[in-house]
Amino acid sequence: MADKKFVYFFGNEETEGKNSMKDLLGGKGANLAEMANLGIPVPPGFTITTEVCLLYLEKGSYPTEVIDQINDTISKLEKVTGKKFGDNENPLLLSVRSGARVSMPGMMDTVLNLGLNDETVAGLAKKTGNERFAYDSYRRFLTMFGDVVLGIEHERFESVLSDKKKELGVTLDTQLNADALRELVETFKGIIRDSTGDVFPQDPRIQLQMAIDAVFNSWNNQRAITYRRLNNIPGEWGTAVNVQSMVYGNMGETSGTGVAFTRDPATGDKRFFGEYLINAQGEDVVAGIRTPEPIATLEKTMPDAYAKLEEIYNKLETHFKDMQDIEFTIEEGQLYMLQTRAGKRTAAAALKIAVDMVNEGLIDKRTAIMRVSPEQIDRLLHPTIDSDAKYEVVATGLPASPGAAVGKVVFTAEHAEAMAKNNEKVILVRTETSPEDIGGMDAAQGILTVRGGMTSHAAVVARGMGKPCVAGCGSVSIDMNNGTFNVSDITIKEGDFVTIDGTTGNLIIGEVGLVTPGVSGELDVLLTWADEIRDMGVRTNADTPHDAQVARDFGAEGIGLCRTEHMFFGEDRIPAVRDMILAEDSDVRKAALEKLLPMQKEDFIGLFRVMEGLPVTIRLLDPPLHEFLPKHEELADRLRALEAEGGNTRETERIRKLMERVDSMLEINPMLGHRGCRLGITYPEIYDMQVRAIIEAACELKAEGMDIVPEIMIPLISDVSELSSVKKNVVAVAESVMALKEVKLDYLVGTMIELPRAALTADRIAREAEFFSFGTNDLTQTTFGFSRDDAGKFLPFYIEKSLLSNDPFAVLDQEGVGELVKIGIEKGRSTRPGLKIGICGEHGGEPSSVKFGYNIGLNYVSCSPFRVPIARLAAAQAVIEKQDDP
């Protein structure tokens, strides 16, 4: 490793990195180097690469070359800054920050003001002529070092700080004088000694090494692991460490620090958006400890610095061609840029920014399509408060992340996670969130905080998650001891319902009705662009005309799955269905089915009308028949009640016979039992009735001049002989109906491939099938041997222990189930080259599964109505990704 470079300098003409080196330097390090290359004022520093992180985490130590390169680069940094690390007269102080390839806000650790000790603090005070500033920096350093490096609870330092302010009768940190801060420093060193059994390390070199170790170790802290899991960030990436010379926003009224976005991260509006604090360091802003000022007021307080900041942010957005999240510090009027990165934004903002930047000529349509994730489209379709709802707003905070949420109040992340596991919807209410709350924030429907601004931890993380958030709601007072919060003389207990509106910042007591928006505006524009690029169809799974219409409005190009069993459960139908099931012979069964025929036909007429001109795939009855019968326990309860009342004998006898029939149909494993095509083979009159209803409906509408495209799908085929047998009847019924109606209709007969054997023998099945639709729900079940109904008892454990990376019922298992789909496609088309193939399981609207489907040659995917826009975008992105990486 002698010649390998592990440390890269940035900050002047000798800058060694650039933006394209994110894998090695992390996002922050690569962008710091890029800003330096652009001539933007960046405090000089160096980046220790992600490769070092992985070496350290694997072996617990560094190659000697790493230490040598760090020391050499510190010497270069001393030369550039004119300061010396550890010097008692003009000390060089450092910030030590993480920097993964992609932004993980607040998930890993940071240490500021590193290099201070009992001697350098005096030198800093003398050099700057500002003793208060020096000891303020020292107490901050001790707090961060104690927390991040030594593992001492942050609250221990904060409680002492709070007590000191109370003692002196002040409310703000900035009101503490040098003497008070000096006392705090001594107390903080005592906390470190008492907690660790050792004194605070005075050697800056030891401090630096310990801080670098801590940042690397923070890659594997629980909150970082949780964040990576939630955002699909690989654990093997590691993080870089950025060591940068300190600049000080806490040197008085001509200094400050801030966080800003080149566009509004909540709405996407083209306006400079952010916050800053005078006489503060960066952690004060993002932690939400003090209430910051809006960035617009900086123009009045520091006009020169604001003008320079405006020039730089425009330059950065034009250069990176994306909305930027920037951090800056002003030291005695001099502006420095500490960070730039692609800003986290809400789904609505992502969409608006992407479309606006195309219209502004900054990016092209392909780039815009790749800028919006399918998951963000999903968030756009989440509920908002019903405009017709009546409610009273009891408090208003900052509208930190838009959207509305209803849930039970919880005060801890742990409680939020526990209740969510029981399928209870919760609102996480905190004084302010911290990175440790990440699991609870994910589990909650929304977040409400008492303190913090629009760029606080709660706001940034909530926007990234697409969660509604109301921040800085100062009129809320939390009483953790009693498990309550108070607002406007109202006491809300943990477990009570509240509604929050992250678009307005409103807090509402109780449950308010929510509505889901449709496709319009920028979303419609972006999806139109996506449709120009994608060449895989998107259909919907719909069983009613209403669902079909919703899907068509969302851009569905037909129905890929109509589950006819859902049509059997209506109150006016279930008696006839049960008569059919309980029939002792074929004639009685046919009589019951005759009652169902007109009902089924009306269902299909409704679907066909909505989807005129588009294909409609109708699956014949699939579930086992016992699902339509009452439960044995319900019948037993009814029988006991009748007998106790001395009820009529006829009804008692009827219930006894029904119980006997229910018992006789009981199956140990009904999902692998008498269902699917097996019903059509043993009770052909059921499928005959359904086919007749389909074809009669199609013929009647075609006679009206409508273009109807029915596709009849036979479920659960395991062998071509089953398909051949059932198809023979389907064709016979269809032809007889068309002859009777004197209408010639084009229709297809195909099958659902949902068993491994069907996929493996797809070449033979394709002799009879005119189309395939992969039922990936059942195919996943039968491939893994997981019951869809029971797997939830252990799958979370599998995912937590990394035995599986995802729930295979949510994200298609490409290695196993996906391989069977590929085999089925290849074999099916070897027999019938033009075979039309789609998937209609839940995976049809999951982005990675949609992209996989495109890459293996599916003609279409089919998904629930509200996932149609997601599938449209994912299908377009699949084309672009394949073209970019052939």
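The following dialogue discusses how to read selected features of a predicted model.

Trainee: Which conventions apply to this model?

Mentor: The model is predicted, so local features need pLDDT of at least 70 and side-chain atom pairs count only at pLDDT 80 or more, while totals for chains, interfaces and linings use all residues. Residues are numbered from 1 along each chain as its sequence is written, and side-chain values use heavy atoms, with hydrogens and water left out.

Trainee: How many helices and strands does the chain have?

Mentor: Helices (H or I, at least four residues) and strands (E, at least two) are DSSP runs, numbered from the N terminus. The chain has 34 helices and 31 strands. Along the principal axes, its C-alpha atoms fill a box of roughly 105 × 65 × 50 Å.

Trainee: What percentage of the residues in the chain is buried?

Mentor: Buried means under 20% relative accessible area, exposed over 50%, and partly exposed in between, with a 1.4 Å probe and protein chains only. Of the 886 residues in the chain, 57% are buried. As to contacts (heavy atoms within 4.5 Å), residues 24 or more positions apart account for 69% of those with a separation of 6 or more.

Trainee: Which residues touch the most other members of the largest nonpolar core?

Mentor: A nonpolar core is a set of buried Ala, Val, Leu, Ile, Met, Phe, Trp, Tyr and Cys residues joined through side-chain atoms within 4.5 Å. The largest one has 109 residues, and Phe608, Ile695, Ile714, Ile765 and Phe772 touch the most other members. Helix H26 (residues 684–703) supplies the largest share of this core, 11 residues. Leaving aside residues up to four places away in sequence, Ile765 touches Ile717, Val720, Leu723, Thr751, Ile753, Ala758 and Phe772. A second, separate core has 85 residues, including Leu55, Val111, Phe157 and Val185.

Trainee: At what angle do the axes of H33 and H34 cross?

Mentor: Axes are lines fitted to C-alpha atoms, for helices over the stretch in contact, and angles run from 0 to 180 degrees between N-to-C directions. Angles under 35 degrees count as roughly parallel, over 145 as roughly antiparallel, 65 to 115 as roughly perpendicular and the rest as oblique. The axes of H33 (residues 847–855) and H34 (residues 868–884) come within 8 Å and cross at roughly 50 degrees; the two helices are therefore oblique to each other. Among the residues in contact are Pro847 and Tyr854 in H33, and Ile870 and Ala874 in H34.

Trainee: How are H20 and H22 oriented?

Mentor: The axes of H20 (residues 545–553) and H22 (residues 586–610) come within 9 Å and cross at roughly 15 degrees, which makes H20 roughly parallel to H22. Pro545, Ala548, Gln549 and Arg552 in H20 meet Gly606, Leu607 and Val610 in H22.

Trainee: Which value of phi does Asn113 have?

Mentor: Most residues other than glycine have a negative phi. Asn113, in strand E4 (residues 110–114), has a positive phi near 65 degrees. Asn113 is buried, with a relative accessible area of 0%. Asn279 has a positive phi near 55 degrees and lies in the loop between strand E7 (273–278) and helix H10 (282–286). Asn279 counts as buried at 9% relative accessibility.

Trainee: Is Gln376 buried or exposed?

Mentor: Gln376, found in helix H15 (residues 374–380), is buried, with a relative accessible area of 10%. Gln376 touches Arg345, Thr346, Ala347, Ala350 and Arg371, not counting residues up to four places away in sequence.
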